[in-house]
Amino acid sequence: MRDAHVYNFKRGLPRMSWHPHNLYNLWRRSFGPLEKITDRVEYKETLNWRRWTAKALLRGYHGDFINEKIFKRWYLPETLPDVRPSEALKKVEPSVELGRWATKEQVAQKTQKRLDEEKRKGLAPVGSLMFTEVERRIDVVIFRACLAHSVYDARRMVIHGSVLLNGKKHTNANTRLAPGDMVSVDPKAIRFLQPEAALKEDAEAEDAEIVESTVEENASEESAEAEAEAPSEKPLESSPKEVPSNSRFKKPAGSKSSDTGLTPFHLPPYASPFLFIPAYLEPSFSTCSVIYLRHPTARPGYSEIPTPWDADGEVVRLAWEWYSKRRMRIRSKSQLARMPENRQ
């Protein structure tokens, strides 16, 4: 029931998940029929409606499980980064004209050189940095480290006590990590490391094929032995047949035998587009742990915060305009007592 609501095709909102329906919604928003809603030139709606739509698109991916009121109070930065359109670079800097008017040609050339370099590199997509506090959450870090199918699964791991923070059991999924914190996940809680993680339909289909091929092989071997068998002085002892064990059919497709000592590894279908590690994390898959190295940042042409939208595009800019006018910064003593854990 939750999947039907989260991955609703009518809304088509990308989420922090490896679910195939989520990949389909991402395609619809990027190249499919819903692209015109997020990437169009002519707008017939009001500016306020466009800002609200952009906010809904971004919040659908960045912390949709966080209440909007809580998000504005605790997860927005105290000072939102200034988002300037790229057209601002085309204007002539007044300091250049002033330097030339004052016959300071060297200063004007130096300033113009710096402006040309900024124009060549472009501005840093700082608009996406308003979700830095969301990326610091322990459940989001577990998902970014590819240790959970979705951020909802990572949140379940934390609440159920399957996560260690710096070697101690931690059950608060709202905790924001500090640089240097290490998060460890119990391998028994990671679904794709379990023998029964493969899809039931694929396992049953594979088992049916194995049974059918085994029956055919046994029938062909019996007929061949009957034809080759001839009367002799001493009957030959037939070699024992290899009868497959029942456990072979109960294992999912592609599972390794327990004799090999290998850890089962069953990624869900269509998970490869989401398998990447941000630069601010250092995971160790042999120990099922990850270290939060530093806070995410941005540089010209690149943002370290993963997002399905253009980090310097109009969706981020309109959402920034929405939150710059409606964020909540008043915090009373009773509100401070309810602040999510922040390890700085």
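R15 counts as buried at 6% relative accessibility, where buried means under 20% relative accessible area, exposed over 50% and partly exposed in between, with a 1.4 Å probe and protein chains only. The side chain of R15 meets that of D64 in a salt bridge with an N to O distance of 3.1 Å, a salt bridge being a side-chain nitrogen of Lys or Arg within 4 Å of a carboxyl oxygen of Asp or Glu. This pair links distant parts of the chain, 49 residues apart, with D64 in the loop between α4 and α5 (68-75) and R15 in the loop between α1 and α2; helices (H or I, at least four residues) and strands (E, at least two) are DSSP runs numbered from the N terminus. D64, with a relative accessible area of 25%, is partly exposed.

The model is predicted, with local features requiring pLDDT of at least 70 and side-chain atom pairs pLDDT 80 or more, whereas totals for chains, interfaces and linings use all residues. Residues are numbered from 1 along each chain as its sequence is written, and side-chain values use heavy atoms, leaving out hydrogens and water.

The structure holds 14 salt bridges. In one of them, E133 and R176 have their closest N and O atoms 3.0 Å apart, and because E133 lies in helix α8 (residues 132-135) and R176 in the loop between β2 (168-169) and β3 (182-185), the pair ties together parts 43 residues apart in sequence. Both E133 and R176 are buried. For E321 and R317 the corresponding distance is 2.9 Å, and R50, R51, E314, R317 and E321 are linked in a network of salt bridges.
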